[in-house]
Each structure stands twice: as structure tokens, then as C-alpha cells.
Amino acid sequence: MAGIRGYWTLAAAAIAFRLLLLLCFPKDLHLGSRPEVATPLTSLRRLAEGYWLKQASMSPYSGSMYHGSPLLLSFLGQLTIRRVEGRPPHFYCSLMFVVVDFITAILIRATGQKLLLSRHKSFQVLNLSKLVEASGTVNPGDFASLVYLWNPLTIVTCMGSSTSPVDNLMVVMAIYGACSRIAPLAAFGWVFATHLSLYPIILIVPVILLLGYGLDAPPSKLFLHKTSDASSSGALNQSPDKSGASKLTDNTIHTFSWVQVLHFVLWVFIWLCYVLLLSSISLKDVGGLSEMFRKTYGFILTVEDLSPNIGVLWYFFAEVFDFFRNFFLIVFHVNILFMILPLAIRLKHRSCFLAFVYIAISSMLKSYPSVGDSALYLGLLALFCNELADMHFSFFLFCGYIGVSLLSPVMHNLWIWRGTGNANFYFATGLAYACLQTVLVVESVSSMLKHDRMLRKLVKA
Amino acid sequence: MAAEAGDGKPQPGRRPRSRLIVRLGALLVAHSVLVSVVCCIAGSIAFLLLPVLAKNTYVSENALMPGSANPMFSSHDVVEANRFFKEILDRGSAKVTGTEIAKLIGQHVVDVGAELYYHKFHPHGNQFHPLHFFSSITNTMEMQYNSSCTLFGLNSVGIIRAPRGDGKEAIVLVTPYNSQNIGQSEALSLGLAFSIFSLLSRVTWLAKDIVWLAADSRYGEYTAVDSWLKDYHNPLFLSNSGKIGTGVCFEENILHLLDQLKVKGPRYNIFKRAGTMAAALVFKVIEKKEKEERDSLTIYAEASNGQMPNLDLINIVHYLAVHRQGLRVKIGSMQSLLKAAWLKFVGEMLQLFGKLTKHLNPKWKFDITSAEYVEGTATLASSIYYQALGVPTGSHGAFRDYQVDAITLELSPRFSLNNENNRSAFLLRGGRLIEGVIRSVNNLLEKFHQSFFLYFLTAPHKFVSVGVYMIPFALLLAPLPIVSAALFSGNDNLGVSTEKVNQEPGCIGSSDMELRSGSWKWLQAAKVVFMIHLWAIIVSLLPYVLSQFPLTTPITLLLVWAALSICILLIFYLIFGACSTHCGWELLKSVMIAAASTGLSLMSVINFSTAQIGAMLIVPMCLLVQPLRKQMQAGVCRKAVLVICNLTIAVVGFPPVALLIAKGVCEDFGKAGVGGFWELAQLLWSWNSATYLYLLWIHLPCWVLCLHILLYPCIGRSSEA
């Protein structure tokens, strides 16, 4: 149960490390221009351009430079124009992102503690307290939040003048809100995350499941099995509402609570109206909402910008013939949607894990991925360190991530700066990265299912 | 890495139906010793066979059309070259100031109707910037000009605007000369360059602008060319010129200079440009001591970090020199290897083998004579050596940093230059060669891209392409992930088996614990490896601190460097030493091998030659290393062999020793001293060679970890079982 010793020291050290990087390397870190860090959607340089255009009372979307939200423009735009002598160009924004990273880490920690509590509760119900003792050594909340803070990818994203820390914060906020059953917060996080980067729209499934069924727990069949054993009156007693023990069970296997979900939907509606209102005020004289939708969501869905990134779509759409383009756009986007339903059915008792799987899949198949997305799902992965303790290929994945993240800049250098390589060199690393992510998702899901199977075996034994 | 997919748990008993790829991986992993021995031997043989597998070069880009037009360089131009040559020698002997020759060049350039300007530059000393490798070129602009204003060089630049071009592209000719003390051969190369320049100012076919840079090589050729290129590619705007701090002395000096130069016309200190560079030719005349039967041409192509110009550029030069001008073309080769007996023996064996195969099937073209093989190997070795060093072999290297293909042509005459007839014939050949090359490049429609960028030369007309030379390297590297997976899964299985023994029925909790520690135990080993790499990074940055102190002799600097590194290593051991003994040495070795293979494959992309040489040292070291205590338990004969192998490799694997041996093989053992290492390191980092980073970030930590494993205190669990 006890958290990791010196959690606050380590967290403070992570923050201090970021500040040190910010202060010590005024100019040499050109992370903002790296395709791995800043995508056309998240680049702060583009945001500054959009802000400038808007100040000149033009549409921020003119000239195909800026593709983000207008709210971000009024939120961060002011900070982009302030310069300090001898500091990086976006010093204040970077400071802001350090704070945002810290808040994200705190929210991940709180989520982890909620998950741990629910795990203990369900184990107690299932008479598996020995497992609790065994797994009590690692507190998933502390661990995950430290993984998030110390992940080099997070640090690079934070330093690299890209707005993905804000996107990540919104996603984590939605998950946290759903885990602690604060419908307004969950709705706020989900609406803003969707508004900022569109792909979190699929998180509505895990968020509703979390609000409806509650936190991650072993499959509900196990509880039924246990209660049927405990009551021992009838072999197939399906209504566990007699003894005192079964009352505890009743708390853990909730029926789907429609009230929470309706509450959530109401709040989603309210926040949606709010966001649209703010956006339309912000873009009143310049463009308007239709242009915003066209230039943000349209830009994401039609993959207009084919500049190289760590994904696989840019290469594919640079090659594909124009008349097949629409077809393949549909194929690629439906790819994500296809996975929603089967996964939701299989993992409905573990909605938080389901959210992780969705985020990992969408960051693999999205049109403009960056390392900020992997930073998010790797942080969330660490929330399930107890369940995934015997995951296969962990060493292979670790080596692979390190290898790809070192090889990718070198290949880019070879192609763009030295001119001796070509696009295939860089794309190869993108492909390897996609494979790694696939292996990660497949292995984590299969070891989670294996964990459930083990629990069933133990309960039945 | 794909083979590492097998590092899951190949447990044949529990899971009979595993996927095919997993089973294949498990098969490889199970026979890892055999696989690694076979792969290493095959890799070494394939490496020795590279000269045999070399193909003849061919001009790949059709637009080049070398030698399709008759040369226009005539005896009239030769006369002009001779006249200019004599004028320079007259001025040079007077030795008034350093600017006399620049003035002479300027007058002549203006006379032929070309544009002229002078470029003044300050030489910069050796600075510590190995980390500039990844940063884009624009950053190098911020280099400090802390040298005094009095030290400067003066390049004279002439530009011919192409009558048929749009001014977007240019071809650059470079002739380095020493303005303080000009020799006969340098004067001749200036004369040759001027006669070509004046010819080009008259021709009608020019589609690209011609830039002639007479580089003042007082402070080294490279410095002059590099600073000119830097100013060419980074326009200096008036708004930020004040920030540089040299503005004041710059202005004063240039006015003073222009008074001295007294060239009529507009201001000659304004920097002029001529579009992107399609190619650059550095050429110079060198008088050699030994006499040959033909005039000869030596080509130098290696740029920084083992980059090579496009092969087509070398091809057209070779084609024109051999088939049109009848010159003898040479490229650098390692002299010591030419006489090596063992190489001759290998060559003869190959010759025999070739005859045998020809007997079997006449279609197999596998015949190579022994002499050809020896020469090819010596050339290949020098090619690999210069690429691995990462230091350019001439001022053409400066161009490659801006993605411009460039080579140095060194023309040497057959007879003495004093004989006027011989000199004229030589000038005619050289002039026609360079005119032909320029005419070919002039035909280009786009950048050089058709032919190879990644290749080794085994002769001026033979090359080994990337597809061929990657095979030995891949074979050498293949055992690493397999052995790593084998060690890893061996350890894993072991954990499972001991756990099965220990496990009491009903004790579920402990089994869960065991499982977790089994699956994630490598984290401990990874921590050790990470710490050692962190140490190596600190060590690689130490010279930056050291070079700030006023220590002068290289030996003191080297000793301080070594002492500091060892101190830091000891501190690391004291702080983190406790955790390093928890994990067995198998896991540590497995993680170390994974790190080494990642590093080597990364380096093979950055600078292949370094990775190849490094792999030949690291791979045996990584594969063979075992704790000495464990080796003591084996049989006497095996023990002796193992210990001797391990110790030899551990000594040879130490970067300074490896460098000493490499230097000894290439040059002489006598020359290498202790201070030489510091100088070599300085050479590497001041040329921002990635080899420095490789040696300190990959090779050194790997060696330290190997030593750590050799001296491992407690034997891993496997040996107890």
C-alpha cells in the first residue's frame, strides 16, 4: 500500500530537470523543428503564426499554417510573443508546459490510487488477500506518475515547444474525472480533448463504461461465482441479495448506473455549447466556425500535410494515386473505429485499461502522431504495472523503443541534411515504430486477459 | 532485432502450438553458440572477399555525357597559363606583402570581364564541438571570433555569369595557394585555373555560373574554403552584423586592404553569390619526387564522417582522365598492406579458387589475380581508414557539409616543371580534363543523385556498393541479438524452473512475486548499463572543461583526463555499486550486448567504416566475455584458451590500445606516443567526427562492462544449479 519512498523528491527532481534544461540550453535544442516532436497540429511555431495572423485581423487559418483550436490561440498566443533575452524563443510557453506536465502527473497519480483501492476491494471480496499482500509493493499511481514525468519522450515534448502536453492533460483529466465519478470534470476533459485533437472522441466508450460500471475490477462472472459459493443454498442462485457477505459484493458489481451517464451527457452538452460559443466569439470576424471545422478536423481527416512524421500515413498518401485517396482515407480511419466495439466487449470490466488501449491504438494510426502521444500511453501503461507484471517481450520492447528513438533522428539527418539517404530510410524507422506499438498493445492486452484467467483459476480453486 | 522476437519464453513443454516465427526464433536461440560462430566466420570471410566482389564503375547519369564534345582548351590558353604562371612567380619572389598575388588575380579576373570580390576571413582554432554533428549547419554560424583582428586571410573570388543560365546554379573551382610563400607548383595551378577561367568566360555553352575561388591557404586550405562556404550559405544581414563584435576591426581592415589592392572599379568587398552549387572541383599541381612514365592524377574524395561525393563525379573524372587525356589515375592506398605476405597468400588462394570455379562453370566470373587482389585490398583499407577517421582528406570536405559534391584532383607532371615544353603539354592535358569535367557537370539538369553515395573504392574504376558491404557487417552483427536473447531466455527459464522447485502448493503469493521479478529483473541490469553509459557521456564531455584550463602539454592533459574519468567511475561504483551485484552476470551481459548492438547499428548508419572496424573488435569481446571465476571451473585446456582469449580481447578492446594498433598498422609504431592520444582525440573532436562519439559513448562503456563481467564477484545462479 505504501507509496514509493521519496515520491515528491523524485517528482520535484523531474520538474527541476526540465527547468534546468530550459535555463541551460538557450538555443542549442532545436526540438521544436523536429518532426518527431512537433506536428502541424501541435507546433507552437505555427501557433505563433496563427496568433500573428489573428492580431492582423485575418483568419488564423489562412495560408494553411495553423490547424489548432482558436481557444488555444487566445490562451497561449499572448505568451508566444513575449521574448526574454538569452532564453529560448517560447520560454513562457515552456514554463507553462512544465506546470501542465506536473498537473497531468498528479492526476495520473490520483487515478492510480483510485485503481489500487478498487483492486484491493475486489480482491478482498474474492478472498484473495494474499495476492494483495504480494502486489502491495508497487503503488501504481506513484509509479505511473513518475514514469510519466521521467519519460524522456515527455521531457522532449515538454521542451520541444509543442502543444501536446495540453492535449495529454485534457485526456488524463477525462479519465480521472470518470474514475472518480465527477461527471462535469470528465465531460470537460473529453470535450476539450476532442476539440483539440479529435481522436480522443473514441474515449467516450471507456468514459461511459467507467461512469456506468465503476473502476477496473476482475470480470463480474467471478463475483457471481463467489456469491453463489457463499450463499451455498442453490447451485445456480442468480440473485445475490441475502447474506451479509453478498452485500459487499453488491457494491462491487454494480448494475449500469444510468444516472451518472445521463449526468455526463448533460454536462457534455453544456461544455460543447460553451466551447462552440467561445470559438465562434473568437472567430467572429475572421472566418467562423465552418472554416474552423474545415481547417482543423478536415485537416486531420484528409491528411493534407504530407511532411514526414513518425507515423506511416504520410508515406502512404504520398504514394497513392489521387483517385484512390478517398477510399484509403476511409479505410485508414475506419481501422480505428473497427477496433472499438470488439475491445469494448472484451474489456468492459476494465474500462480504464480499455482507455489506455484506445489511446495507444489511435496514437499508432492517427494522421499526425508525435512522441507526445507515446509519452501519454506509456504513462498510462504504468498504471497497470501490477496486472501486467508478467508481460512478455518487455525487454524487447524496451530495446526497440530506445533503438527507434535514436535511429529516427539519425535517419532524418541522413535524408534531409546529408542527402545520402532517402525517404525510405526514415519511413523504415516509422514502420519499426508502428510494429513496436502493435506488439506493445497485443502483449499488454493478452497479458491482461491472462491475468483475469489466473484470477478465475484462483477463485475456482 | 527481429531474431529477438524469440526472447519470449520458448517453453516447449507448456505451449506446443506457438507461432512459426516464435519457433524459428527459439531454434536460433537454442543453437546460439553455433549460430554465432558460423556468422562471425562468414562475416570475416565476406569482408575479406570484398575486393573480389567489387564491380566496375559506370556513368549512371545519362545527362553527363562525358567526352562527347571536343575540348576547346587550346595551345593559346596554355600560353596564357604560362604567362600568368611567370607573373605570379615574379611577384612571389618579390615578397612584398601577402596581398600581391590576390591583387594580380583580381586584375586578371576583371580583365576577362568577370565579377570579382575579395573575401576576408579569420582563422579559428581547434574547438571542442563533437556534438555539432546533429545540429543543422546554420548553427555553426555562431562560432566565436575571438582571434585577434590581425590574423586574417584573403580569398579572391571571380564569378562568370552564364550566358545561357538563370543564375540559379553554379560550379565551383578551387585552387588553394599559400600567399606568404608561393611555390612553383602552386603558381602553376593558379595559372592553369586562370587559363580555364578565361576560356570559360568566352564560351557560349555555359548554363551554370562559374565561381573561381583562389583560396588563401596561409592557415590551411580547409579553413579558407570552409569560411568562404560558411559566408556563402549564411547571409550576414546588416541588422545583426553589430552583434558579432568583429564589425569594427573588420571595417577598418577591409578599407585598409582595398587601399593596398588598388583595383579599379566598384567596391570589391561586397560578397557576391551565384546560386546553389552543383559540384566543386579542388585542383592543385604537385611535383613528385619519383618519376613515372605518364602524368598522373590522384583523386581524394573522403569528406567528414565518411561521407563520399556522388560516384558519378569520380566516374566522369576517371573516364576523361584515362580515356581522353591518357593520365594515370590513382587513389590512396595503404602502402604497408601492399607488401604484406599474408595478403599475398590469400590472394593466391583466391586466384586458385577462381580458376577452379571457372573450370566448373565458365559463366561464373570469379577470377581475380593475386596482384589485383592485394592492390584492391590495400586501396579498400585506406578507403575504410579515412572514412572511419571522419576527417576530410582535403578542402573538398568543406563542401560536403553543404551537400555539394566535391573532389580534390592532384595533378602531378611526369618531368620537372622547369622544362617549358613538358609544362605546356602537361597544362594542355590538365586544362582539357578540367574543361571536360565542367562541361559534363554543366549538362546536369538536377543535382547529382543517380549514382551511389555510399560506397568504397577498391581501384579508381572499381567500387563496392552499400548493398555488398553491408553483408559482412550484418553477418558480424547478427549473433549479438541472438546471444542476447539466448542469455535472457536462459535466465528466464532458470527463474521459472527454480521457482517450480521452491514452490509449495498453495503458496500463491510467492509465485506471483517470483514471476514478477523474473519478468522485470532485467531492469536492474539495465540500470547498471545505463549508469556506465552516463559515465561515458560525462567522460566524453570532460575535454571541453579541460581545454579551458591553461595546461599545455598533451601528456598532462591526457593524464588529467584519465584520472578524472577513473575517479568519476569509482564514485559511481561507490554510490550505485550495491545494486550491481543483485542481478546475475548473464542478464548484465545480455543487456550490454543489446546496448552494443543498438549502438553499432546506429553507427553503421552514421559512419559505416567506424562501425565495421568497431564491430570487429566489439563483437568477439561481447560474445566471449565470461566471469574469470566461472572459467576457472572448466577443464584445463578449455580454461586456458578461454582466459587467454578473454584477456587478449579485453586488452585489444580498450579504445586507446585499439587506436595504437590501428596507427601502428597504418604508419609506424615508433611515432605513436602517449600524448598522441590526446592529439588524436583533439583531431577527432575538432573535425566534429562521429568516431569520437562512437569511441566514448559505445565502445568505452562496452569495454568497461566487459571488464566488470570478467571480474564479476559472485557467480550467477545458473552455475550453482
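Leaving aside its neighbours within four places in sequence, which residues is R432(B) in contact with? Select R432(B) and look around: beyond those sequence neighbours, the contacts are P71(B), F73(B) and Q325(B). Keep in mind as you go that this is a predicted model.

**Stop 1: around R432(B)**

R432(B) sits in helix 15 of chain B. Is R432(B) buried or exposed? There are 22 other C-beta atoms within 10 Å, so R432(B) is buried. N70(B) and R432(B) are 362 residues apart along the chain, yet their C-alpha atoms are separated by 9.3 Å.

Next, colour the whole of helix 15, residues 420–443 of chain B. This helix lies across strand 4 (169–177), strand 6 (276–285) and strand 9 of chain B. Against strand 6 of chain B, helix 15 runs at about 170°.

**Stop 2: the sheet in chain B**

Those strands lead us to the sheet. Show chain B as a cartoon and trace an open sheet of 8 strands, in the order 2-3-5-4-6-9-7-8, with mixed pairing. Where are the edges? Pick strand 2 (115–121) and strand 8 (328–331) of chain B, each of which pairs on one side only. Turn the view as you step across: from one strand to the next, the twist averages 25°.

Now zoom in on strand 7 (residues 296–300) and strand 9 (residues 405–412) of chain B. They run antiparallel and are joined by 5 bridges. For one position in this pairing, select S296(B): its bridge partner in strand 9 of chain B is S412(B).

**Stop 3: E221(B)**

Move on to helix 7 of chain B, residues 221–233, and select E221(B) within it. With 24 other C-beta atoms within 10 Å, E221(B) is buried. Leaving aside neighbours within four places in sequence, E221(B) is in contact with P176(B), A215(B), G394(B) and S395(B). To get a sense of scale, draw a distance from E221(B) to L327(B): 106 residues apart along the chain, these two have C-alpha atoms separated by 25 Å.

**Stop 4**

In soluble globular proteins, nonpolar side chains tend to be buried together. Here, the largest nonpolar core has 292 residues, and the members that touch the most others are A174(A), L213(B), A279(B) and C622(B). Helix 27 of chain B (residues 690–710) gives the most to this core, with 14 residues.

Not counting residues up to four places away in sequence, L213(B) touches N155(B), V157(B), V172(B), L173(B), V174(B), V225(B) and W228(B). Apart from this core lies another, of 5 residues, including V125(A), L128(A), L222(A) and F223(A).

**Stop 5: two loops in chain A**

Finish with a pair of backbone details. Select S161(A), in the loop between helix 7 (152–159) and helix 8 (164–179) of chain A. Although S161(A) is not a glycine, its phi is positive, about 40°. S161(A) counts as buried because it has 27 C-beta neighbours inside 10 Å.

Then go to L198(A), in the loop between helix 9 (183–197) and helix 10 (204–213) of chain A. L198(A) is also a residue other than glycine with a positive phi, near 60°. How many C-beta neighbours does L198(A) have inside 10 Å? L198(A) has 18, so it counts as partly exposed.

Terms used
Residues numbered from 1 in each chain as written. Chains lettered and ligands numbered in written order. Predicted model: local features only at pLDDT ≥ 70, side-chain atom pairs only at ≥ 80, totals over all residues. Core = buried A, V, L, I, M, F, W, Y, C linked by C-beta atoms within 7 Å. Buried ≥ 20, exposed ≤ 12 C-beta atoms within 10 Å, placed from the backbone. Helix = DSSP H or I, 4+ residues; strand = E, 2+ residues; numbered from the N terminus. Contact = placed C-beta atoms within 7 Å. Pairing = 2+ DSSP bridges. Axes fitted to C-alpha atoms, helices over the stretch in contact; angles between N-to-C directions.
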